Each structure stands twice: as C-alpha cells, then as structure tokens.
Amino acid sequence: MIEIRTFDGTPDELAAFCTGFWRDRYGGKMAIPLWGGPLLDWLFFSDEPPERQLVVAAYDGKRLVGTLPEKVVQYHLHGQPIAGSFGSFFTIDPAYENQGVSLKM
C-alpha cells in the first residue's frame with residue numbers, strides 16, 4: 001500500500017532518486033540536470049526551522065516511490081508581496097506510474 005508522508009531521507013538520497021529516474025526516462029531526449037545533494041539541501045532543507053513537511057514523498061513500505069519537494073517562498077507582483085510556493089523535482093518511480101501515486105501526492 002502506498003503511503004504519502006514527509007520525505008525522511010537525506011538531500012543526497014533525494015537527489016539520487018530524482019536524478020536517476022529523470023536520467024533513465026529522459027536521457028538522450030533532453031538535457032538532464034545533475035541535481036546534487038548540496039543543491040537540494042539548500043533549496044528544501046536549509047530554512048530555519050526546516051520546512052521539511054513540504055517535502056512530500058510516497059513510500060511502498062520502506063521503498064521510496066515518489067517525491068514532490070516544495071518550499072514556501074514570497075513572490076512580488078506589482079510591488080506587493082504574495083505568499084506562494086516553489087516546487088519541482090516531481091518524480092515517480094516508473095514501476096509505480098500506473099498506480100495513482102501522483103494523484104495521491
């Protein structure tokens with residue numbers, strides 16, 4: 001059974017998961033960013049206090065099968081601050097892509 005919860009791994013593990021599946025899926029079709037642990041640590045885990053609850057993950061038991069990292073940011077529109085979020089690096093293990101993981105996340 002798929003469980004959606006806060007990602008409980010390290011930034012390096014998140015980077016390896018995302019980069020690996022993106023490389024497998026899109027390699028040879030487009031440029032693949034080589035996200036590393038330090039970048040994802042800075043983007044998603046460096047806030048004080050860390051907003052780790054926004055780094056959503058899908059697990060099948062202990063197996064990581066999907067990620068949707070996000071962080072709270074502030075944008076400006078017409079000189080006014082607007083609360084929002086920045087999310088990227090959405091990744092689903094191809095073995096789970098037809099199991100509704102993305103809809104649950």
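User: What is the volume of the largest pocket?

Analyst: The model is predicted. In it, the largest pocket has a volume of about 210 Å³. Its lining has 13 residues. Arg25, Tyr26, Phe90, Thr91 and Ile92 are the closest to its centre.

User: What makes a residue part of the lining?

Analyst: Distance decides. A lining residue has an atom within 4 Å of a point of the pocket.

User: Which elements supply at least two residues of that lining?

Analyst: Helix H1 (11-26), strand E6 (91-92) and helix H3 (101-104) each do. H1 gives the largest share, four residues.

User: How do the lining residues divide into nonpolar, polar and charged?

Analyst: Eight are nonpolar, three are polar and two are charged.

User: Now Val65. Why is Val65 called buried?

Analyst: Buried means under 20% relative accessible area. Val65 has 0%, so Val65 is buried. Val65 lies in strand E3, residues 63-68.

User: Which residues is Val65 in contact with, beyond its neighbours within four places in sequence?

Analyst: Contact needs heavy atoms within 4.5 Å. By that rule Val65 is in contact with Ile2, Phe17, Ala58, Tyr59, Asp60, Thr91, Ile92, Asp93 and Tyr96.

User: How far apart are Val65 and Pro94 in sequence and in space?

Analyst: They are 29 residues apart in sequence. In space, C-alpha to C-alpha, they are 8.5 Å apart.

User: Next, Lys71 in strand E4. Why does Lys71 count as buried?

Analyst: The cut-off is again under 20%. Lys71 has 14% relative accessibility, so Lys71 counts as buried. Strand E4 covers residues 70-77.

User: What makes the pair Lys71 and Leu43 a polar contact?

Analyst: The limit for such a pair of N or O atoms is 3.5 Å. A polar atom of the Lys71 side chain lies 2.9 Å from the backbone oxygen of Leu43. That distance is within the limit. Lys71 also touches other residues, including Trp42, Phe44, Asp47 and Phe86.

User: What does the whole chain look like?

Analyst: The chain has three helices and six strands. From the N terminus on, the order is β-α-α-β-β-β-β-β-α. The C-alpha trace spans about 45 × 35 × 25 Å along its principal axes.

User: How much of the chain counts as buried?

Analyst: Of its 105 residues, 33% do. Val65 and Lys71 are among the buried ones.

Conventions
Residues are numbered from 1 along each chain as its sequence is written. This is a predicted model: local features need pLDDT of at least 70, side-chain atom pairs count only at pLDDT 80 or more; totals for chains, interfaces and linings use all residues. Side-chain values use heavy atoms; hydrogens and water are left out. Buried means under 20% relative accessible area, exposed over 50%, partly exposed in between (1.4 Å probe, protein chains only). A polar contact is a pair of N or O atoms within 3.5 Å; within protein, one must be able to donate a hydrogen and the other to accept it, and residues adjacent in sequence count only if both atoms are side-chain atoms. On a 1 Å grid over the protein atoms alone, a cavity is a set of points where a 1.4 Å probe fits but cannot get out, and a pocket is an open set with protein on both sides within 12 Å along at least five of seven lines; lining residues have an atom within 4 Å of a point. Grid points are joined across faces, edges and corners, and a volume is the space filled by probe spheres set on the points. Ala, Val, Leu, Ile, Met, Phe, Trp, Tyr, Cys and Pro count as nonpolar, Asp, Glu, Lys and Arg as charged, and the others, Gly among them, as polar.
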